[in-house]
Amino acid sequence: MNILLLKLIMAPLILGSASLAGRRWGSAVSGWLVGMPLTTGPVVFFVALSHDASFAAKAALGVLSGGFSLVIYAVSYAWIATRFRWPIAIAGSLLIFAASTTLLENTSFPLVPLFVAIVTAIVLGLRLMPKESFVEQSDEKAGPWDLPARILLGTSVILLLSGSAAFIGPRLTGLLATFPLYISILAVFAQRRQGPAAAAHVLRGLLYGMFAFAGFFITLGLLIERSGIAWAFTSATLVALAVQGISLWILRHPADKA
């Protein structure tokens, strides 16, 4: 099958399914779903198909490094939103994300220590989030353009990054793949409709979901050059799903959290 056609089929299917599930089960679950490698995974997959396993492994390392920027973005947005309306919250947090990504572009870490550092950063990020508070329910329904717009934006990012990987290199491709486009849409919508506490719920869900993100890319990085594309991505997906199931249980049982 033509790679472009495969991208045009897979990306909308993955992103559309995640959007519908998040709409069904609430804002925190929306963020949790986005924490999975729904965009970053396909980007590296298509990079692997277009290039080679070594190139894809470097891109995966770049994606995992970009997890630091995502954690910083989530905590920044949540705190800025407690003081300011959404335009300032999104602008400030994206500037912080950009500064972090710029620093990470010229900084490289070995895979396993990087994984440990990312997991530590996620745990720290959860502890630094604003205190959980009650979120008022909103009767406002998403417009008919909401789902198509999300699918279009997410698919466009996948196509752009996987198509430009040869020009910008594997590390920058990986770092840019973590750009928080989708979570920004969810956080802004939540803040506009239900206030800063709702946005914090989305972002807290993102951080819980990022454990699966870390599990996916450590598995992929360890296997892709040794076992091939098919086995590496299959194994990484299974690991991500297992970790995601555990993180969902923790997210849905706040009374049991330490």
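Biologist: Which residues have the most contacts inside the largest nonpolar core?

Modeller: In this predicted model local features need pLDDT of at least 70 and side-chain atom pairs count only at pLDDT 80 or more, while totals for chains, interfaces and linings use all residues. Residues are numbered from 1 along each chain as its sequence is written, and side-chain values use heavy atoms, with hydrogens and water left out. A nonpolar core is a set of buried (under 20% relative accessible area, 1.4 Å probe, protein chains only) Ala, Val, Leu, Ile, Met, Phe, Trp, Tyr and Cys residues joined through side-chain atoms within 4.5 Å. The largest one has 67 residues, and those with the most contacts inside it are Val44, Tyr77, Leu203, Phe217 and Leu220.

Biologist: Which element gives the largest share of this core?

Modeller: Helices are DSSP runs (H or I, at least four residues), numbered from the N terminus. Among the elements that give two or more residues to the core are α3 (40-50), α4 (53-81), α10 and α11 (229-252). The largest share, 18 residues, comes from α4.

Biologist: Is Ala212 buried or exposed?

Modeller: Ala212 lies in helix α10, and, leaving aside neighbours within four places in sequence, Ala212 is in contact (heavy atoms within 4.5 Å) with Met36, Ala240, Val243 and Gln244. Because its relative accessible area is 0%, Ala212 is buried.

Biologist: How far apart in space are Ala212 and Thr237, C-alpha to C-alpha?

Modeller: In sequence, Ala212 and Thr237 are 25 residues apart. In space, C-alpha to C-alpha, the distance between Ala212 and Thr237 is 9.0 Å.

Definitions and conventions: Buried < 20%, exposed > 50% of the residue type's maximum accessible area, 1.4 Å probe, protein only.
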